Amino acid sequence: MQLFSHATAGAPARAPGTSPAHERPRRHAADHHGGPSVTARRTTARAVLETLRGYGIDTVFGIPGTHSLEFYRPLRELGIRAITTRHEQGAAYGADGWSQVSGLPGVVITTSGPGLLNSLSGAATAYAESRPMILLSPGRPLGQDFRDIGSLHETKNPSAAVDAIVGRSRRVTSGAEAVTMVHDAFRDFTHSRPRPVHIEIPLDVLEAELECTDRQVAPRPLGAPQPAPADDVRRAAEVLRAARRPVILAGGGSLPAGERLLELAELLEAPVITTTNGKGAIPERHRLSLGADLRLSTAHEFLRSADALLVVGSKVGEAELWGGDVTPAGPIVRMDIMRDQMLCNLDPDIELPGNSAAVVPQLIEALGHLEPREPRDLAEVFARMDDEARRWAPDLAALNEAIMAVVPEDTIIGGDSSQVTYMGSTTFFRARLPHSLLYMGTYATLGYGLPASIGAKLAAPERPVLCLVGDGALMFSIQELMTAVELGLDLPIVCVDNGGYGEIRQNMADRGIDPLAVDLRQPDWPALAEAFGAVGLEATRETLAEKVTEALAVKGPSLVHLRI
């Protein structure tokens, strides 16, 4: 995958030419006057949080515990919001949703033992989807590693357990090491495939004071996006210039390129199809957008017909293709921040190692002033893809379209590993901006949609956020409705109720298994919402759009229940 982008389309607007705080190190008064930076005594917990604050982190997710209290002591003073979810799994999902919309790494603070381990589904999601996350947890005091003495939250080797799931996990031995790990994480997120980092800080280190200069906790320059070698860019430009039926496949790593990706597509007259993580890389109502429908056989056929395929920041994952083959008729050019990713699933003819924010402009410059190309007539492929998607799930297509017709254009949709998401919203929600569909197609976890929607709403309170999930997924994290109520978030939730685990029920039937353990008793969903302090609404197919419109006008959370 590609560079973690600090300036995503969903991030708060900034004046042209400015950068977020973490991209330009703050100068302290002593530094500004040329004198030595100020040395102060801080606990390790405070030093770590000051460092995070310097990079722009103003929100953390978690549940306070006996061993994590020192993390919470400086939060108010530093201007960092502590979002208390009702389960640490929800904290990690919430941090992931916040990260996608804010453009910053999500930060999760847990207590030791069960608190940390409860968060790991969220950490595994961030790993599988190549998203930045920092997990902070306390650990046993130095010298007590592996001692089976029955201490509170005793865990054999928590850092090793987490390391098996995330990009990197380390039990530090000093406050200085913990601060350095934060700096290193931000640099890694910028210049390599973003994946979660876990920092375990022994209790005695966490609570101890250390001598630390302001400069040590101040953000460091992260450097410019990495370009590709000029010769490789020239070769790629020659291939793309010669192609008459080029296609661009854009993954999550294409998002740092921003509007330049659309400029490249228009220059080449190349249709753009995206992965679900790349959804919205170009506006999906643009004439060259084929949406995020890599699962469709029509899309596979179209990609195979390309006389040149440019893959930007994607591993071309099996979970996206649903078993399809997209090997094109012509050469393959792959652009990725990680060289090993360019050898994954689809062998390239030309490799462009680097960050799409730098490499896409390089390609545009190398292509020069191309003669305007005749517009591609994509009407037939649009119609065939649309028809195939409707045949997969006509009911889910219809209800998604009914909802999308009444939500504002800049709405963020929180999805889940629900049929209504991966057979509906991925196709029939036409995203104008990146990170407008919160989803995790590779890890495919249940319970993600509601807490991720909470995180997104916290990151962009000015944008409408709607959580659209199935009943099975929502029951995994229904406790986070209390979090949304407590925070007073205007957050409509649409629960599409098919009576349990509909996909698995169908899988069993397809294999000749009498469906077992998949038909679930349902609560009175509107009454349950009311019990949490939200507004509960019952909808039918005929009244769905009306009830969603009503929910959008509610102050605070609401839940619309639709039985199908």
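## Cysteines, cores and helix H16

Cys-212 is buried, with a relative accessible area of 2%. This is a predicted model. Cys-344, in turn, is partly exposed.

| Residue | Relative accessible area | Class |
|---|---|---|
| Cys-212 | 2% | buried |
| Cys-344 | 22% | partly exposed |

A disulfide is counted where a pair of cysteine sulfur atoms lies within 2.5 Å, and by this rule the model has 0 disulfides.

The largest nonpolar core holds 107 residues, and Leu-52, Ile-199, Ile-403 and Leu-468 touch the most other members. Helix H9, residues 175-191, gives the most to this core, with 7 residues. Another core, of 56 residues, lies apart from it and includes Leu-240, Leu-264, Ala-281 and Met-385. Beyond its neighbours within four places in sequence, Ile-403 is in contact with Leu-466, Leu-468, Val-494, Leu-544 and Val-548.

Helix H16 covers residues 356-367. At 1.5 Å a residue, its 12 residues should span 16 Å, and its end C-alpha atoms are 16 Å apart, which agrees. Of these 12 residues, 9 are buried, so H16 is largely enclosed by the rest of the structure. Among the buried residues are Ser-356, Pro-361, Gln-362 and Leu-367. The buried residues of H16 pack against helices H12 (230-242) and H13 (259-268), and against strands S11 (308-312), S12 (332-336) and S13 (350-353).

Both ends of H16 have a further detail. Just after H16, Gly-368 has a positive phi of about 70°.

Key. Residues are numbered from 1 along each chain as its sequence is written. This is a predicted model: local features need pLDDT of at least 70, side-chain atom pairs count only at pLDDT 80 or more; totals for chains, interfaces and linings use all residues. Side-chain values use heavy atoms; hydrogens and water are left out. Buried means under 20% relative accessible area, exposed over 50%, partly exposed in between (1.4 Å probe, protein chains only). A nonpolar core is a set of buried Ala, Val, Leu, Ile, Met, Phe, Trp, Tyr and Cys residues joined through side-chain atoms within 4.5 Å. Helices (H or I, at least four residues) and strands (E, at least two) are DSSP runs, numbered from the N terminus. Contact means heavy atoms within 4.5 Å. The expected span of a helix is 1.5 Å times one less than its number of residues.
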